[in-house]
Structure formats: structure tokens, C-alpha cells
Amino acid sequence: MTPRYQKILFVVLFVASVTMTAVLVRLRERAHDRLLAGAMEAGTTAPAVAPLEQVTLMVADDATSTLAPETIALPLPEEPQARARAVLNRLLSQYSGAQSLHPLPTMAEPVESVFLMPVPQANGDARRAVATGDSGRAGAAGGAILSVPKNADRIAIVNLADQFAASHPSGLETETLTVLSICATLHANLPEVTEVRFLVGGQERATLHGHADLTQTYLTAASAAASGAQP
Amino acid sequence: MRNGWRRRTASGARAGVGIALLAAVFLGQSASAAVQADAEAAAKRFVVVLDAAHGGSDPGATLGAVGDEAETLEKNVTLSMSQRLRALLVARGFTVIETRESDVALDEDARATVVNQAQAQACIVLHASEAGSGVHLFVSSLPPMQPQAMVPWKTAQALRVESSLKLGNTLNSAFTSTGRDGESIEPIPVTLGRTTLPGIDSMICPAVAVEIAPLRDKEGKVVSEVTDADYQAHVLNALAAALLVWRSEAGEP
Ligand SMILES: [Zn+2]
């Protein structure tokens, strides 16, 4: 027969452990929500005094499956994460135009937030390079560049809006070009960004809309090189 | 808070590495007599695997003009193209294996398992899309790797990626060819790209993803929908012709 005090002790400890689990889960959710909310509040509209800056957009073309640089002037905020977000939203808004060579539906804010953080030192296995070849030729520009990350190197976590992913055309080429164009544009304007990962609505997703793999870490150098790659 | 987030991604990456190692394929050097006999039998056949993308709960893209009678799901188009290409290839003496013969859901690992067990000489993954024009060919972006005892399942395609690029070029030539011996064939515009392809990245065989998109005129207006039977037949005939070239280049068995 178990002594009464041991039974009481067991019940008390059991209740305490269940309560602590619940509290921990809730704290983790709140921390995640606060992080997302904080990044979303970082404005993309520059103050009126912000000077126009030269921005290079790496614009996708469905017909040739390539990226081409296009320089525009854009007022940009100071803070790097807000800058990255402003540049990407400008890039993606370009695709909804009537003359777009990579047509995407119109949307106000396709990129909800961009987080920049130091490149983790030991995840080489998960990194993959991507590249597109020139039209009608085998692109040999692909292939992982397994360089050792430098201290200044940043990984950009691009958090796409749910609605952007849901309304994106479904297809291997169109989704791949959107991903590559985001990676290459980030690299062109923030050279310290060497790697990119994607979230949709704050969550990890398998694909953009059924095709482009969003579980990978993309290397920006490879996607940028792809635009002018010779086989 | 930021640290907490980073920790979670880092542990996720570690878990991924662990799974990849657990799933490592053992490519034994010392083949038994039985395995050798199997290999000889396989060498006599020329095996092509056709992988109709999507299926079951994964419909893929919605194809055809919206509200049109021909409006259909990508999973149905890829399955029907796989079945028709199979008929064309069997008539030409190929041994053909389809990853799915009905509307069933298959994950990428299941597809790669079929291909790897078949010891195929080519794998064609079929997609269809409303975006872009002509035919989009995709090869894995994995860097080439020399044969070794242990190959991670998730990147096994690295062993064959150079052959996959050659197969991509052979397909490209067939689509852009205007026909030989006076026969007139309308060339189909082709784009060739490389990216991370979760199914193909695990396949130990020359593999190319073929995405068929509408044919468009210079203004971008659709001339032939992907659901158009004649257009599909044109694409499938070009694929069959390309695989004949691929077989002859490999040394016809
Ligand atoms: Zn598809």
C-alpha cells in the first residue's frame, strides 16, 4: 500500500508538470507571434525626406526562363530588414503589370516581412544552389557553392503572405522563377545576404503553390549567376 | 526571442541532416552472382520510368480556360499523358514503368523508390501548367558527385546529374527539331532550367522534369491550350522520338 503522502505528492507533481507544459507552449506561441508582429510593423514606406536610391531588380522572363537586371530609383527606409521588404514588394508588384513577362496577380503586400540574421555555421547539408539555364540550352550554372560562411554573411528569411502563395500561378517554371528572382534581387541590393529561406504566413511550407521547393535554403550567389549564365 | 527562433531552425536543420543520414543508400561494390544476373537482365531491357506528377489529394494546377468545358486538373492531364506515352514507348520496344496508373497520391520518396528499384535508363517526370509557353525542362541543381559507398538518399541524383543534363539536351533537340527527311514538324519552344526537385533529387537515373505549357503567339496569346489533344500528341511524339535517340546513344540493347 502506497503511503498517503506519496500519493498526494505524486498528484501535486503531476499537476505541476502539466501546468508547466501548458505555460511553456503558450509562451512559445506568444514569442513567435510577437516576433512576426514586430517585423510586420517595421514600415516599408520611407519618410518623405528619404532620398531616392538606385535599386536593381532581377526580373524574371517566363519565355526564356531567365532573369534580367533592371535599375530603378526607389525611396528606401534605413533599417536593412525594412529595405529588403520594400525592394521585394516593389519587385513583385512589377509582375502584376499588363506588360509583365512573368505575370502574377496584383497584391498590395506580397512580402509580409523579411528577417536578416547571421548565417548559421553548421547547416551545410541543407543548403542548395539553384540556377536557370539560358533558353534551349543546358544550364551548367547550377551546383552548390559550398563556401564557408563569413561573419558578415546574412541569411534572409522571407515571409510571404498566405494570399500571395495561394494566388500564385501553379507550375514548376513560374514558381521557380519567382523564388530565383527574389533570391537574386536580395543579393543584388544586399550583397551580405548569401542565403534565403522562405515562410508563408509565418509558417514553413513544402512548396510555393505545389511546385517550387520551400524546404531548402537557397544560395543567392548561384541564383544571381544564373541570370547571365553560359552553359 | 530572435535567438529562440534561430534555435528552432537550427534544430530543424539538424533533424533534417539526421534523417538524410538514416536514409542513406548503400551502394555495395561486391555484387553477388544473383544480383549480377539481375543486372544483366536489366541491361538487356531499356527501362524508362514515367512519373505522372501529383495525384489523389494533390491536384496540381488547374488547367484550361476558366469555366471552359476543357477545364481540368493537372493530375489528370499528367496521368493521361503518362499512359499515352507509355503506349508509344512500348510500341518502340521500351520496357516502361509508370509510378502511378490511377488517381492516387504518391509522395516524392515513393516515386524515387520506384525509379531506383527499376534501375531505369531514363525517368521522365510529367507536369502541366498554364504559366509560360512551350515546354519547360528541369534538371536537378545538385552538383555532380563521384560514386561512393554511402550516398545520402536526398541527394542520390548527384551521381547521375551529368547524364540528366545530357538527357535534357536530347529532349531539347527533339522539341526544337523541324523534322528530318522532308517531314515537316512544327518546333516547340523549350526552356531548360535547373532547380531543387525533391523527387528527382533522390533518383539514381538520368531524370528530367518535363512541364508542358500552352503554345503562345508573339503577343503572349494562347494558340494551343495544354488540354488540346493534338498539342499533347505533338509533345508526346517528340518525347518518344527523343527517347529513341537516347537509347541509340546509350548503345541499343
Ligand atoms: Zn505540376
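A contact here means heavy atoms within 4.5 Å. With that in hand, Met81(B) is a handy way into the structure. Leaving aside residues up to four places away in sequence, Met81(B) touches Leu126(B), Ile212(B), Gln232(B), Val235(B) and Leu236(B). The model is a predicted one, in which local features need pLDDT of at least 70, side-chain atom pairs count only at pLDDT 80 or more, and totals for chains, interfaces and linings use all residues. Residues are numbered from 1 along each chain as its sequence is written, chains are lettered from A and ligands numbered from 1 in the order in which they are written, and side-chain values use heavy atoms, with hydrogens and water left out.

Met81(B) sits in helix H3 of chain B; helices (H or I, at least four residues) and strands (E, at least two) are DSSP runs, numbered from the N terminus. Met81(B) is buried, at a relative accessible area of 2%. For these labels, buried means under 20% relative accessible area, exposed over 50%, and partly exposed in between (1.4 Å probe, protein chains only). Between Met81(B) and Ala52(B) there are 29 residues of sequence separation, and a C-alpha to C-alpha distance of 7.8 Å.

Chain A has five helices and eight strands, which run α-β-β-α-β-β-β-β-α-α-β-β-α from the N terminus on. Chain B has six helices and 12 strands. Buried residues make up 48% of the 231 in chain A and 45% of the 253 in chain B. In chain A, 73% of the contacts with a separation of 6 or more are between residues 24 or more positions apart; for chain B that share is 76%. Accessible areas come from the Shrake-Rupley method with a 1.4 Å probe, and for residues only the protein chains shown count as cover. By this method chain A has an accessible surface of about 10,800 Å², with 61% of it belonging to carbon and sulfur atoms, while chain B comes to about 11,800 Å², with 54% belonging to those atoms.

The zinc ion brings the two chains together in one site. Its ligands are His211(A) through NE2, and His54(B) (NE2), Glu74(B) (OE) and His127(B) (ND1), at 1.9 to 2.0 Å. Donors are N, O and S atoms within 2.8 Å of the metal (3.2 Å for Na, K and Ca), and sites may look incomplete because water is not among the atoms. The angles subtended by the four donor atoms span 100 to 132°, so the arrangement is tetrahedral; for four donors, that label asks that all angles lie between 85 and 135 degrees.

Now for the charged pairs. Side chains of opposite charge can pair when their charged atoms come close. A salt bridge is a side-chain nitrogen of Lys or Arg within 4 Å of a carboxyl oxygen of Asp or Glu, and over all chains the structure holds nine of them. One of these joins Asp51(B) to Arg111(B), with the closest N and O atoms 2.6 Å apart. This pair links distant parts of the chain, 60 residues apart, with Asp51(B) in strand E2 (residues 47-52) and Arg111(B) in helix H4 (residues 108-118) of chain B. Asp51(B) and Arg111(B) are both buried.

Another salt bridge runs from Arg86(B) to Glu98(B), at 2.7 Å between the closest N and O atoms. Arg86(B) lies in helix H3 and Glu98(B) in strand E5 (residues 95-98) of chain B, so the pair ties together parts 12 residues apart in sequence. Arg86(B) is partly exposed at 27% relative accessibility, whereas Glu98(B) is buried at 8%. Salt bridges with shared partners join Arg86(B), Glu98(B) and Glu101(B) into one network.

Over in chain A, Glu29(A) forms a salt bridge with Arg26(A), with 3.0 Å between the closest N and O atoms. Both lie in helix H1 of chain A, three residues apart, or about one turn of the helix. Glu29(A) is partly exposed at 38% relative accessible area, and Arg26(A) is partly exposed at 42%.

Definitions and conventions:
Four donors count as tetrahedral if all angles lie between 85 and 135 degrees; four count as square planar and six as octahedral if opposite donors are over 155 degrees apart and all others between 65 and 115; anything else is irregular.
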